[in-house]
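Please keep the sequence and the structure in view while reading.

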Amino acid sequence: MTPSKTENKLKTAENFDTPEAVDAEILRLLELRAQLTLGKSSEKTASVKRLKPLLNADAKNEILRDVRSLCDALIQPRKVAFLGPMYSFTHQAALKFFGLGVELSPVTTIGSVFEEVERRQCDFGVVPVENSTDGRVVDALETFTHAHVQICGEVLLPIHHTLMSVCPRAEIKTVYSKPQALSQCRHWLSRNLPNVRLEETASTAAAAQIAKNTPNSAAVASILAAKAYGLNVLAPEIEDSRSNVTRFLILGIEDALKSARNKTMLMFELLHESGALADAMAIFKRNHVNLTWIESFPLPQERGKYLFFVDMEGHRSQIKIRRTLAALEKKSTRLVLLGSYPAAELEQK
């Protein structure tokens with residue numbers, strides 16, 4: 001009996017002995033699919049486009065991320081807590097890092113994300129830690145002062161705010177969103193909707209829900225929320241800064257694997273005396289360690305005392321990082337290594 005063409009194609013899977021080989025074949029077929037699409041619309045355009053890849057690197061990475069995530073879930077299903085609700089920017093960050101193969105569990109506070117990981121109710125957590133416009137996220141830093149988790153990754157997510165509603169822009173009387181989103185769009189809103197009332201909500205996704213059910217209202221939220229709740233996009237990308245980026249941290253119990261580029265985050269407290277901070281900073285310089293982020297954080301109910309959070313380039317296993325930690329520990333009244341993790345790259349869309 002002669003095997004069918006489908007059976008012959010299935011047998012070719014035996015030629016792929018590694019997941020990477022299959023990934024390469026997936027990308028090849030995606031390029032072929034794109035060429036066929038162009039070929040149907042314009043043979044001339046397709047012949048030109050065939051000379052270079054049709055799909056950009058970021059799109060390919062996203063597709064492979066979801067493929068790998070779904071396959072990994074067959075062996076080890078994972079649960080991820082994130083600051084909800086669904087369709088928030090933290091939801092997007094979780095999808096960007098983990099892909100579609102995990103169970104996502106929205107919670108209502110940043111502290112609850114930490115708790116879910118600490119209690120082993122979830123394998124990982126996702127929380128925002130800083131925004132390029134509004135600065136640090138206080139709730140995240142405060143929770144680090146008493147939590148027991150490891151940072152095992154980060155996500156850099158470009159934040160694009162969308163004005164959405166079920167009514168025309170001229171009929172809008174109230175705009176809903178979380179305080180940070182309204183702040184990041186305040187100039188656009190004052191120029192284009194000068195007479196509307198701004199109302200704060202717990203999240204951008206909650207704002208979209210309200211706008212869906214409230215006459216003469218609109219929301220500032222993500223394009224994902226507009227699609228999820230059936231709202232019309234009235235104006236895309238209304239953020240005042242085109243380089244508006246939020247950094248999210250991935251929380252876990254165990255260290256992340258070492259990668260080509262790593263960061264290490266510390267939290268430390270110094271004696272409240274003259275020159276203490278300058279002496280601490282000199283340790284990083286002396287060991288040729290570059291700092292990528294530093295924040296001072298006032299200790300709750302201890303006036304005049306501060307914790308310092310720093311991100312530095314390098315992995316905890318490197319000699320220069322070990323030397324830095326040993327020297328800094330002698331100068332500190334408290335030092336906590338929050339984790340070493342792969343440094344994220346900001347994707348260019």
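The model is predicted, and its chain has 349 residues, of which 42% count as buried. The secondary structure amounts to 13 helices and 15 strands. Among contacts between residues at least 6 apart in sequence, 75% join residues that lie at least 24 apart. The chain exposes about 19400 Å², and carbon and sulfur atoms supply 53% of that area.

Serine 165 belongs to strand β6, which covers residues 162–165. Because its relative accessibility is 0%, serine 165 counts as buried, the cut-off being under 20%. The side chain of serine 165 reaches the backbone oxygen of serine 217 at 2.6 Å, and Ser217 is also listed among the residues that serine 165 touches, together with Ala218, Leu231, Asn232 and Leu234, when residues up to four places away in sequence are not counted.

| Helix | Residue range | Residues in the contact |
|---|---|---|
| α12 | residues 276–286 | Asp279, Ala280, Ile283, Phe284 |
| α13 | residues 319–331 | Thr324, Ala327, Leu328, Lys331 |

Helices α12 and α13 pack at an angle of about 170°, with their axes 9 Å apart. The two helices are therefore roughly antiparallel to each other, since angles over 145 degrees count as such. The residues of the contact of α12 with α13 comprise five nonpolar, one polar and two charged.

Conventions
Residues are numbered from 1 along each chain as its sequence is written. This is a predicted model: local features need pLDDT of at least 70, side-chain atom pairs count only at pLDDT 80 or more; totals for chains, interfaces and linings use all residues. Side-chain values use heavy atoms; hydrogens and water are left out. Helices (H or I, at least four residues) and strands (E, at least two) are DSSP runs, numbered from the N terminus. Buried means under 20% relative accessible area, exposed over 50%, partly exposed in between (1.4 Å probe, protein chains only). A polar contact is a pair of N or O atoms within 3.5 Å; within protein, one must be able to donate a hydrogen and the other to accept it, and residues adjacent in sequence count only if both atoms are side-chain atoms. Contact means heavy atoms within 4.5 Å. Axes are lines fitted to C-alpha atoms, for helices over the stretch in contact, and angles run from 0 to 180 degrees between N-to-C directions. Angles under 35 degrees count as roughly parallel, over 145 as roughly antiparallel, 65 to 115 as roughly perpendicular and the rest as oblique. Ala, Val, Leu, Ile, Met, Phe, Trp, Tyr, Cys and Pro count as nonpolar, Asp, Glu, Lys and Arg as charged, and the others, Gly among them, as polar. Accessible areas come from the Shrake-Rupley method with a 1.4 Å probe; for residues, only the protein chains shown count as cover.
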